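Here is a short briefing for a first look at this structure. Keep the sequence and the 3D view side by side as you read.

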Amino acid sequence: MTVDVEEVRKAAGSVPDPEVRRSIAELGLLDIVEVEGGRVTVRFHLTSPLCPATFAARIGKEIRRRVAALPGVDSGEVVLEDHFIHDDVNRLINLSRVRKA
């Protein structure tokens, strides 16, 4: 099964920013969506490189959960860019396994 890049973009982009309560797509925070077979990588940034790590991780985990639920997605990675502790936040986002519904 082929993963639809636009469906990935729609699912990832629909995640709300908890501070401003608008989707990350509306805010222009969704950067790149890459699909290779069943593997998906989503890159995003936040409104500030100093955004609280809890918000950053919450957004990233929700992106990962929504994308993992899409047909054909076998694995994925969500990458936060331009954040002062992006390495730590990226580990939190991608650490746990996502369960399919």
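Is Arg43 buried, partly exposed or exposed? Arg43 is partly exposed, because its relative accessible area is 23%, and buried would mean under 20%. Keep in mind that this is a predicted model. The points below go from the sheet to the helices, then to the core and the salt bridges.

**The sheet**

- Three strands form an open sheet in the order β1-β2-β3, and their pairing is mixed.
- β1 and β3 are the edge strands, each pairing on one side only.
- On average, neighbouring strands are turned by 10 degrees against each other, direction ignored.
- Six bridges join β2 and β3, which pair in the parallel sense.
- Arg39 has its bridge partner in β3, and that partner is Ser75.

**Helices on the sheet**

- α1 lies across β1 and β2. Its direction runs at about 140 degrees to β1.
- α3 also packs on the sheet, where it touches β2 and β3. The direction of α3 makes about 155 degrees with that of β3.

**The two sides of α3**

- Helix α3 spans residues 86–95, and its Val89, Asn90 and Ile93 are buried.
- Why do the buried residues of α3 line one face of the helix? Seen down the helix axis, they fall within an arc of 100 degrees, so they line one face.
- Arg91 and Leu95 sit on the other side of α3 and are exposed.
- The cover over the buried residues of α3 includes β2 (39–44), α2 (53–68) and β3 (75–80).

**The nonpolar core**

- In soluble globular proteins, nonpolar side chains tend to be buried together.
- Here, the largest nonpolar core has 25 residues.
- Val8, Val42, Phe44, Ile63 and Val67 have the most contacts inside this core.
- Two or more residues each come from α1 (5–13), β1 (30–36), β2, α2, β3 and α3.
- α2 gives the largest share, with five residues.
- Which residues does Val8 contact, leaving aside its neighbours within four places in sequence? They are Val3, Val33, Val35, Val40, Val42, Val67 and Leu70.

**Salt bridges**

- How many salt bridges does the structure hold? There are seven.
- One of them joins the side chains of Glu81 and Arg43, at 3.2 Å from N to O. This pair links distant parts of the chain: Glu81 lies in the loop between β3 and α3, Arg43 lies in strand β2, and they are 38 residues apart.
- Glu81, like Arg43, is partly exposed. The relative accessible area of Glu81 is 25%.
- Arg65 forms a salt bridge with Glu62, and their closest N and O atoms are 2.6 Å apart. The two residues are three apart in helix α2, so about one helical turn separates them.
- Arg65 counts as partly exposed because its relative accessible area is 44%.
- A network of salt bridges links Glu62, Arg65 and Arg66.
- Glu26 and Arg22 also meet through their side chains in a salt bridge, at 3.7 Å from N to O. Glu26 has 51% relative accessibility, so it counts as exposed. Arg22, at 41%, counts as partly exposed.

Terms used
Residues numbered from 1 in each chain as written. Predicted model: local features only at pLDDT ≥ 70, side-chain atom pairs only at ≥ 80, totals over all residues. Heavy atoms only, no water. Buried < 20%, exposed > 50% of the residue type's maximum accessible area, 1.4 Å probe, protein only. Helix = DSSP H or I, 4+ residues; strand = E, 2+ residues; numbered from the N terminus. Arc of directions from axis to C-beta. Contact = heavy atoms within 4.5 Å. Salt bridge = Lys/Arg side-chain N within 4 Å of Asp/Glu carboxyl O. Core = buried A, V, L, I, M, F, W, Y, C linked by side-chain atoms within 4.5 Å. Pairing = 2+ DSSP bridges. Axes fitted to C-alpha atoms, helices over the stretch in contact; angles between N-to-C directions.
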